[in-house]
Structure formats: structure tokens, C-alpha cells
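Please look through the structure below before reading on.

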Amino acid sequence: MATEQNERLARNRKMLVKLIVIAVGMLGFGYALVPVYRQMCEVLGINNLSRQEGNFVEYDKNSQVDKTRTITVELDGNAQGPWRFRPTTRSIKVHPGELATVMYEVVNTQARTVQAQAIPSYAPQSATPHFKKVECFCFKQQTLKANEARQMPVVFFIDPKLPREISTITLSYTFFEIAGAQAAAPQAAATKVK
């Protein structure tokens, strides 16, 4: 009977060790996903939320403006949350290498402060590596006070290496509230009925 109990304890210890190894492995995998996701986005040229110093260096090297071409940049804004979000102009025409500025407007329609983030996307997707943002509200989270309206700039240029067959690029932002990052709504004082 004692040997049977010892065998059961040994099996339970083995199972416990296996479960601990699995739990540690899952935790490590969860932490590894963030840098893997960032690396994948960087390689694919999508979802770039952070400003990269290389963009400034590239623009300094490329001071030539290609006046022989004109690119139409169409602007779009999508709101996923309690606000109005739109570009102040629908499109602009730029020469490759030329620095341009466009404005987006956001209005928080709620009676509370919210935090939000904008995610850019480009069409055609092959234009993504050639669309160089120097300044953008999408580089960081935005905190909007109750009923606040704000105009936010995007400063960019189109790399002259953009394939010649591309004459129109659509820059679209989706502006969404960051879950769990909103400020607490003021609580009304409770009144007691006597």
C-alpha cells in the first residue's frame, strides 16, 4: 500500500512539473509576442506607430523634388468611438520628395475625457514604404477632454522611388478609443431619502 501511495505521489509530482513548465512557456510566449508583432509590422510596413529616426535622415538625403510627377494623396478618416474624426481636406497633389502638411480634425462628443490612438493604412499597399511621415498625431496616444475639438497635423513626403505606375495614394486613419484608458466619469453625490 505504501509503494502504491509513493507511485501516486511520484506521478503527481511529474504532472506538477509538466504543468509548471507549460505555464512558464505560455507566459514566455505571451511576452515574446509583443516584439515579434513589432518586428513583423516593421518588415511588412504596416501599423507603424512610432516615429523612426531613419525617416528624417532619408528626407535629408533626398532633397530633390521630382517636378515631372504629381501624386494625388486622398485622405480618409474613420472613427471607432465617441467622436467625429475627419480630414479637413479630401485630397492634395504633391510632387515626390516635396514636404506636405495635411490636417485632421477630431471632436470628442462625450462629457468625459478619453484616450485614443490613430492607426494609419495605405492604398495601394505597395505605396506604404514610400509614404514617409515626419510628424503625425498617430505617433502617440491622444487624450481628449470632454467636448474638446482639436486639429492635428500630418507632415509627410512621398519617396521619389515610388513606382511610376502609382499616381494616387489613399491615406486612411482609424481613430479608436483605447480600452481601459478612459478617465473615470465624475460620480454624482448620492442622496439619502429619510
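A polar contact is a pair of N or O atoms within 3.5 Å, and within protein one of the two must be able to donate a hydrogen and the other to accept it. This term will be needed for one of the residues discussed below. The model shown here is a predicted one.

We begin with the sheet. Strands of a sheet pair through backbone hydrogen bonds, in either the parallel or the antiparallel sense. In this model, five strands form an open sheet in the order E3-E1-E9-E5-E7, and their pairing is mixed. Strand E3 (91-94) and strand E7 (142-144) stand at the edges; each has a single partner strand, so one side of each is left without a neighbour in the sheet. On average, neighbouring strands of this sheet are turned by 30° against each other, if direction is ignored.

Strand E1, which comprises residues 71-80, pairs with E3 in the antiparallel sense over four bridges. Ile 71 has Val 94 in E3 as its bridge partner.

Strand E1 also contains Thr 72. Is this residue, Thr 72, buried or exposed? Thr 72 has a relative accessible area of 15%, and because buried means under 20%, it counts as buried. The side chain of Thr 72 makes a polar contact, at 3.0 Å, with the side chain of Lys 93. Among the residues that Thr 72 touches are Ser 91, Ile 92 and Lys 93, as well as Ile 169.

Ile 169 is buried, with a relative accessible area of 0%. Its contacts include Ile 71, Thr 72, Val 73 and Glu 74, and also Ala 123, Pro 124 and Phe 131. Pro 124 is 45 residues away from Ile 169 along the chain, yet the C-alpha atoms of Ile 169 and Pro 124 are separated by 6.4 Å.

A further pair of strands remains to be described. Strand E2 (residues 83-87) and strand E4 (residues 100-108) pair in the antiparallel sense over five bridges. Pro 87 has Tyr 104 in E4 as its bridge partner. In a regular strand the side chains alternate between the two faces of the sheet. Which residues of strand E2 form its covered face, and which its uncovered one? Trp 83, Phe 85 and Pro 87 make up the covered face of E2, whereas Arg 84 and Arg 86 make up the uncovered face.

How values were computed. Residues are numbered from 1 along each chain as its sequence is written. This is a predicted model: local features need pLDDT of at least 70, side-chain atom pairs count only at pLDDT 80 or more; totals for chains, interfaces and linings use all residues. Side-chain values use heavy atoms; hydrogens and water are left out. Two strands pair if DSSP finds at least two bridges between them. Helices (H or I, at least four residues) and strands (E, at least two) are DSSP runs, numbered from the N terminus. Axes are lines fitted to C-alpha atoms, for helices over the stretch in contact, and angles run from 0 to 180 degrees between N-to-C directions. Buried means under 20% relative accessible area, exposed over 50%, partly exposed in between (1.4 Å probe, protein chains only). Contact means heavy atoms within 4.5 Å. Lists of a residue's contacts leave out its neighbours within four places in sequence.
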